Amino acid sequence: MDPTQRDYRIKTAVRRAYSAASLHPRERHPFPVGGVFARSLGYPAELLATLPAEAVDSFAGVSTVSLFAELHPGMRVLDVGCGAGLDSLIAGRRVKSAGLVVGIDFSHAMLKRAKRAKRIALARNVCFCRADAERLPLETDSIDAVLVNGIFNLNPARTEILTELARVLKPGGALWAAELILRQPLSPDIPASEQDWFA
């Protein structure tokens with residue numbers, strides 16, 4: 001299969017899966033979703049209780065990146081693959097009113113949920129927009145910190161994504177990322193499928 005066609009198929013499958021997690025968070029998905037899962041990763045239950053259910057119920061990250069990142073009041077933060085907005089809202093609290101958090105995702109369904117969560121949380125220093133991680137609608141050297149909570153394993157355009165993140169980060173800025181990785185190569189006997197991108 002042509003690499004361009006393959007990448008398009010993968011991206012379409014990922015968008016479909018994550019949009020389904022937004023629209024129907026309590027149904028079965030090929031990856032963990034929701035507040036119970038977020039608590040299992042280390043998000044404190046008392047913190048999750050203060051955030052809108054719209055953001056918590058469809059959470060599908062892989063770690064507590066918005067908690068371990070070094071964020072300070074006044075920072076401009078980019079949350080790539082923001083999903084339903086959980087990390088963006090947490091980061092918004094940490095950078096306070098003088099800071100700004102931009103959450104970007106390629107799923108319209110996830111962004112609708114994130115925008116509802118923002119309105120409920122009255123998070124005036126958080127904004128969400130539709131974009132691809134490899135084509136960010138941001139100025140060069142405009143971001144102090146980037147948060148990535150599990151998107152590199154979902155997008156074959158990793159080189160392009162990293163190039164874009166380097167472009168938008170200010171000199172001295174930081175990328176804080178969490179990702180799923182294989183401990184060893186898969187056996188060639190295991191047939192590849194679209195589900196591998198969620199495993």
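View 1. T163 sits in helix α8, where helices (H or I, at least four residues) and strands (E, at least two) are DSSP runs numbered from the N terminus. A polar atom of the T163 side chain lies 2.8 Å from the backbone oxygen of T159, and the C-alpha atoms of T163 and R135, 28 residues apart along the chain, are separated by 9.7 Å. The model is predicted, with local features requiring pLDDT of at least 70 and side-chain atom pairs counted only at pLDDT 80 or more, while totals for chains, interfaces and linings use all residues. Residues are numbered from 1 along each chain as its sequence is written, and side-chain values use heavy atoms, with hydrogens and water left out.

View 2. Five strands in the order β3-β2-β1-β4-β5 form an open sheet with parallel pairing, two strands being paired if DSSP finds at least two bridges between them. β3 (126-130) and β5 (169-178) are the edge strands, each pairing on one side only, and the twist averages 20° from one strand to the next. Strand β1 (residues 76-80) pairs with strand β4 (residues 143-149) in the parallel sense over four bridges, and the bridge partner of L78 in β4 is V146. Helix α7 (residues 108-121) lies across β2 (100-105) and β3, running at about 165° to β3, whereas helix α8 (residues 158-168) lies across β1, β4 and β5 at about 140° to β5; axes are lines fitted to C-alpha atoms, for helices over the stretch in contact (heavy atoms within 4.5 Å), and angles run from 0 to 180 degrees between N-to-C directions.

**View 3. S107 in the loop between β2 and α7.** S107 is found in this loop and counts as buried because its relative accessibility is 0%. Not counting residues up to four places away in sequence, S107 touches R15, Y18 and S19. The side chains of S107 and S19 make a polar contact at 2.8 Å (a pair of N or O atoms within 3.5 Å; within protein, one must be able to donate a hydrogen and the other to accept it, and residues adjacent in sequence count only if both atoms are side-chain atoms).

**View 4. The stacked aromatic pair of Y18 and F31.** The rings of Y18 and F31 are stacked, at 4.2 Å centre to centre and 10° between the planes; rings of Phe, Tyr and Trp (its six-membered ring) pair if their centres lie within 6.5 Å, and planes under 30 degrees apart count as stacked, over 60 as edge-to-face and the rest as tilted. Both Y18 and F31 are buried.

Key
Buried < 20%, exposed > 50% of the residue type's maximum accessible area, 1.4 Å probe, protein only.
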